[in-house]
Amino acid sequence: MGAAIALAALLGSTPPVLAMPTTIGPIGTVTLVQARVQLGMRAFVTGVPRCQADAKLCFGLVVHVVEVDGAPVVDPVWFFAQVDAANRLFDAIDVAFESIEVRRENAERAHIASRSDRDRLGRGEHDKGVVHVWIVRRLADVDIDGAEIRGVHWRDRADLSRRFVILSSIAGDRTLAHELGHFFGLPHSRYPVSIMNKTPRDDPPWELRGFHRDELSRMRRDRDEMVADGTLVQRKQRRGRPRRR
Ligand SMILES: [Zn+2]
């Protein structure tokens, strides 16, 4: 249970394993290995950052995790880093994300090789109002034979209103934030400060990068449009006094 211990260290709290109900499946049929996998899967919800109480807008993530040979293709700690980075960078537009549900996905989806493979993800089980995030082992670059990419924001070509994020297991910590940037209307950019700029560079240093102010304006506009048309639904109302600006 290395993941649970690492998560507990990160969260400064009880390992998720201790918070689990005692019945995990049909009693007597669940093996220890299966139990561990299920606990691990649950940590994709319980073990990642929540929206802070003062988050003006909190949006839900539905996380689809591919399992191969009974184990998720990434560790929940890996996803913790993704959500944490996204929340730090989206704070500039008063947006935070939290994982609300994890869905286990079949190993057939471990390698997303083509545009059609991407299109098929989530057909018939796509909820509006949340961001669906798919975590797969390998995501092919559909433009370059043999190459792979870290993540993509994708629209189902048969239903362009159905948009979602796909993350590969090789994604860096800010890949989710970058793809959510696309979800919030951003194209790639040339701003040195921006994580939407894919040109290799040394300046500014990695830790000082985020979104350019012009990008933040665009994201605020798209945020408001997505809330208005129901693409995103706010998770909870802010309590207490409004935050002064
Ligand atoms: Zn991109």
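A residue is classed as buried if 20 or more other C-beta atoms lie within 10 Å of its own, as exposed if 12 or fewer do, and as partly exposed in between, with C-beta atoms placed from the backbone. By this criterion Trp134 is buried, having 25 other C-beta atoms within 10 Å. The structure is a predicted model, in which local features need pLDDT of at least 70 and side-chain atom pairs count only at pLDDT 80 or more, whereas totals for chains, interfaces and linings use all residues. Residues are numbered from 1 along each chain as its sequence is written.

The secondary structure of the protein comprises 7 helices and 8 strands; helices (H or I, at least four residues) and strands (E, at least two) are DSSP runs numbered from the N terminus. Of the 245 residues in the protein, 35% are buried. Two residues are taken to be in contact if their C-beta atoms, placed from the backbone, lie within 7 Å. Among contacts in the protein with a separation of 6 or more, 68% are between residues 24 or more positions apart.

Strand pairing was considered next, two strands being paired if DSSP finds at least two bridges between them. Strand β1 (residues 57-68) has 10 of its 12 residues buried and is therefore largely enclosed by the rest of the structure. β1 runs parallel to strand β3 (residues 95-105), to which 10 bridges join it, and Val65 has Arg104 as its bridge partner in β3. β1 also runs parallel to β5, through 5 bridges, with Val62 opposite His132 of β5. With strand β2 (residues 71-72), by contrast, β1 pairs in the antiparallel sense over 2 bridges, and Glu67 stands opposite Pro72. β1 and β2 form a hairpin with 2 residues between them, and Asp69 in the turn has a positive phi of about 50°.

Pairing continues from β5 to β8, which run parallel and are joined by 4 bridges. Trp134, which lies in strand β5, has Ile166 as its bridge partner in β8. β7 and β8 run antiparallel, joined by 6 bridges, and a hairpin connects β7 to β8 through 2 residues. Within this pair, the bridge partner of His153 is Val165 of β8.

Not counting residues up to four places away in sequence, Trp134 touches His64, Leu121, Phe164, Val165, Ile166 and Leu167. Val165, leaving aside its neighbours within four places in sequence, is in contact with Val131, Val133, Trp134, Gly151, His153, Leu176, Glu179, Leu180 and Phe183.

A nonpolar core is defined as a set of buried Ala, Val, Leu, Ile, Met, Phe, Trp, Tyr and Cys residues joined through C-beta atoms within 7 Å. The largest such core has 55 residues, and Ile135, Val165 and Ile166 have the most contacts inside it. Two or more residues are given to this core by each of α3 (32-46), β1, α4, β3, β5, β7, β8 and α6. The largest share, 8 residues, comes from β1. Because domain 1 (1-47) and domain 2 (51-229) both give residues to this core, the core lies between them; the domain bounds come from an automatic or database domain assignment.

Helix α6 (residues 175-183) is likewise largely enclosed by the rest of the structure, because 8 of its 9 residues are buried. The buried residues are Thr175, Leu176, Ala177, His178, Glu179, Leu180, Gly181 and Phe183. Their cover includes α4 (76-90), β5 (131-136), β7 (151-156) and β8 (159-168). In the packing of α4 against α6, Gln82, Val83, Ala85, Ala86, Leu89 and Phe90 of α4 meet Thr175, Leu176, Ala177 and Leu180 of α6. The two helices pack at an angle of about 50°, with their axes 7 Å apart; axes are lines fitted to C-alpha atoms, for helices over the stretch in contact, and angles run from 0 to 180 degrees between N-to-C directions. α4 and α6 are therefore oblique to each other, given that angles under 35 degrees count as roughly parallel, over 145 as roughly antiparallel, 65 to 115 as roughly perpendicular and the rest as oblique. After α6 comes Gly185, with a positive phi near 95°.
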